[in-house]
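Colleague: I have a model open here and would like to go through it with you. Could you start with the terms you will be using?

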Amino acid sequence: MAETIHLRGEGGAIFTMDLPLPEGIAERYERGLLVRVDPDGAPTQPAAPAAVPDPVADPDEPPNQDPAPEPVPGGQNRPALNAPKAEWIACVVARGLLSAEDAENYTKADLIDMVS
């Protein structure tokens, strides 16, 4: 039996999909254009993985931690995918990729691709 998931589409509608996802849908999901949600549209809370002790770790050393993400040039972090186009324009301008006037001429999808 296939697992069923719920995805919020680019327009905000909730879709029920069986896994595996069709290729086109899977590509949009991987790019972050579709978001997995609960049936009621609330963000899905992934189950926390169980902590498995590393058998070769030295107990006297602190555990390895992922480095903090590097700040984006200009101090502008990437907006959420569902953020208004104006926020994406501000992000592109803050990164020095385009002027505000030039960025206005691009679609929101084009701006997202520039920042990704």
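Modeller: Two strands count as paired if DSSP finds at least two bridges between them, and helices (H or I, at least four residues) and strands (E, at least two) are DSSP runs numbered from the N terminus. This is a predicted model, in which local features need pLDDT of at least 70 and side-chain atom pairs count only at pLDDT 80 or more, while totals for chains, interfaces and linings use all residues. Residues are numbered from 1 along each chain as its sequence is written, and side-chain values use heavy atoms, with hydrogens and water left out.

Colleague: OK, how do β1 and β3 pair?

Modeller: Strand β1 (residues 4-8) runs antiparallel to β3, with 3 bridges between them, and H6 stands opposite V37 in β3.

Colleague: And what is the strand order of the sheet?

Modeller: The order is β2-β1-β3 in an open sheet of 3 strands with antiparallel pairing, where β2 (14-18) and β3 are the edge strands, each pairing on one side only.

Colleague: Switching topic, which residues make up the largest nonpolar core?

Modeller: That core has 10 residues, including W88, C91, V92, I112 and V115; a nonpolar core is a set of buried Ala, Val, Leu, Ile, Met, Phe, Trp, Tyr and Cys residues joined through side-chain atoms within 4.5 Å. Its largest share, 4 residues, comes from α2.

Colleague: Which residues does R78 touch?

Modeller: Leaving aside residues up to four places away in sequence, R78 touches W88, C91, R95, I112, V115 and S116, contact meaning heavy atoms within 4.5 Å.

Terms used
Buried < 20%, exposed > 50% of the residue type's maximum accessible area, 1.4 Å probe, protein only.
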